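Let us walk through this structure step by step. Keep the sequence and the 3D view side by side as you read.

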Amino acid sequence: MTPLVTLLAAIGRGPLTLLADVGRMATLAATALGRAARPPWYLVQFLEQMLLMGWLSLPVVGLTALFTGAALAQQIWVGGSRFNAESTLPAITVIGIVRELGPVLAGLMVAGRCASAIAAEIATMKVTEQLDALVTLRTDPYRYLLAPRLLAATLTLPLLVAVANVIGVLGGFLVATTRLDFSAAAYLSGTARYLEWEDVRSSLIKAAVFGFILALAGCHHGLRASGGAAGVGRATTDAVVTAFVLILLANLVITVAVFGR
Amino acid sequence: MTARLQVRGLRKSFAGRPVLAGVDLDLHARESLVVIGASGTGKSVLVKCLLGLLVPEGGSIRLDGQELVGADRRTWEAARARMGMLFQGGALFDSLPVWRNVTFALTAGRRIETRAMRARAIAELARVGLEPQVADLRPAELSGGMQKRVALARAIAARPEILFFDEPTTGLDPILADAIDRLILDQVRALGASALTITHDLDSVRRIADRVAMLAEGRVVWTGTVAALDAPGHSLVEQFVRARPVTRHDPSPVQRG
């Protein structure tokens, strides 16, 4: 092989690998959802996953939203004061939180927590032959492991993001009313006046998509793991990186689709 | 006699390297067949192909005359419902207590009939010599030998017609290995099942085999009775049995002892 061909092959390998990965993830998602449409259904596993991803993620998501909302309000006030627009603080805070920061930060925090956990659990099952054991014990891993995780994440993230949005606005409210001389009534009326249904809808759509993505990334990399403990570690890292990148990409796509006109 | 499981010309390769290059094998009803062979000769790959966990590239697997190679998912599911497997490492589900592991095949993993299933699991555990208190423990709380017993209880709980054992005594001390072998033999006889075991352990072979097959270079190169192992008439089998180097590769593809 000539050096030029070697160079071109090296350049092309990355995008090809990425495209192949996306194709495999799409196939995995279609297979898991197709199988989930038929019984047996695993309601207990589904509820367990909702508890793990939703309830147990609430503290970290809530704290993230609270601190980010508070910091955002402070920044908007400082920036707005440069052109006498301090009064826009409640409107910009709620729009920023609901449209962007709430879903994105909650998605990233839950991805860090749950995509890694899903990947580690499934990868461990793979390398210790527990997935093979499932098959020999008349149980479809797609129905038993993947479908409950995909559905639970897709339904749980909107609930988490709804809570995160409220807590984020609360963070802005606390800074505005305790440090920036806003009255509680003025802040809340400014928040309510400028928040539109479209903002909430896009926030929840993003959350559902991010939930699906993070669970899919965890399942995909877990199922592809090989090579013992090192393989489990690689799967965990890859799942988080993939989930982060795809969540940020999906956020851009949805934002442009919903608000790009 | 027609074989319960008949394998002909089974082929499987990985990254272009053939691992199974035309395996022919018969497993008869109520027979305990042991497949021996050096590490990396494809014994585990063979069992995974027979269970449909790996897709072979060619050949035939017939279960009571029904072709499984190329069969659809439902056919495989029906075939697997007649099979049980004891994995080398046990492959017990860490997240479930022992009793749910044991009854997993009966419920397909669903949390149903809890009281009845727990009682059934305790009865199955008794069959492999474990106390009822073990039922509520997690697999990580068990010793290696206890994990093997639980895995055996899980494999036989659904009363399969064919049992596969992958290195059942690996990593166990000789006394425990002997106990596991006796358990395997007792359960196979009690169920009237056929058993296919893969192992390196010659003591184990002599304890549990009715018939032995040697896998080498992707093929079954020798089959015979346990008694024939001592005079196999095949250099690779002799090397395996007596652990002595071979000076000449035996050209005959298959010999029957």
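What percentage of the 257 residues in chain B do buried residues make up? The figure is 54%. Buried means under 20% relative accessible area, exposed means over 50%, and partly exposed lies in between (1.4 Å probe, protein chains only).

This is a predicted model, in which local features need pLDDT of at least 70, side-chain atom pairs count only at pLDDT 80 or more, and totals for chains, interfaces and linings use all residues. Residues are numbered from 1 along each chain as its sequence is written, chains are lettered from A and ligands numbered from 1 in the order in which they are written, and side-chain values use heavy atoms, with hydrogens and water left out.

Start with chain B as a whole. Chain B has 9 helices and 11 strands. These are DSSP runs, numbered from the N terminus: helices are H or I with at least four residues, strands are E with at least two. The radius of gyration of chain B, taken over C-alpha atoms, is 19 Å. Along the principal axes, its C-alpha atoms fill a box of roughly 60 × 45 × 35 Å.

Now turn to the place where the chains meet. Chain B brings 25 residues to the contact, and chain A brings 23. Contact means heavy atoms within 4.5 Å. Together the two chains bury about 2100 Å², with 54% of it on carbon and sulfur atoms. Buried area is the accessible area (1.4 Å probe) that two parts lose on being put together, summed over both. On the chain B side, B:Arg73, B:Phe93 and B:Arg111 lose the most area to chain A, together 24% of what that side buries.

Charges meet here too. The interface of chain B and chain A holds 3 salt bridges. A salt bridge is a side-chain nitrogen of Lys or Arg within 4 Å of a carboxyl oxygen of Asp or Glu. B:Lys48 forms one with A:Asp132, their closest N and O atoms being 3.1 Å apart.

Finally, look inside chain A. A:Ala153 sits in helix α6 (residues 141-179). Is A:Ala153 buried or exposed? A:Ala153 counts as buried because its relative accessibility is 0%. Leaving aside neighbours within four places in sequence, A:Ala153 is in contact with A:Met53, A:Gly211 and A:Ala215.

Methods: The radius of gyration is taken over C-alpha atoms; the globule rule is 2.2 Å times the number of residues to the power 0.38.
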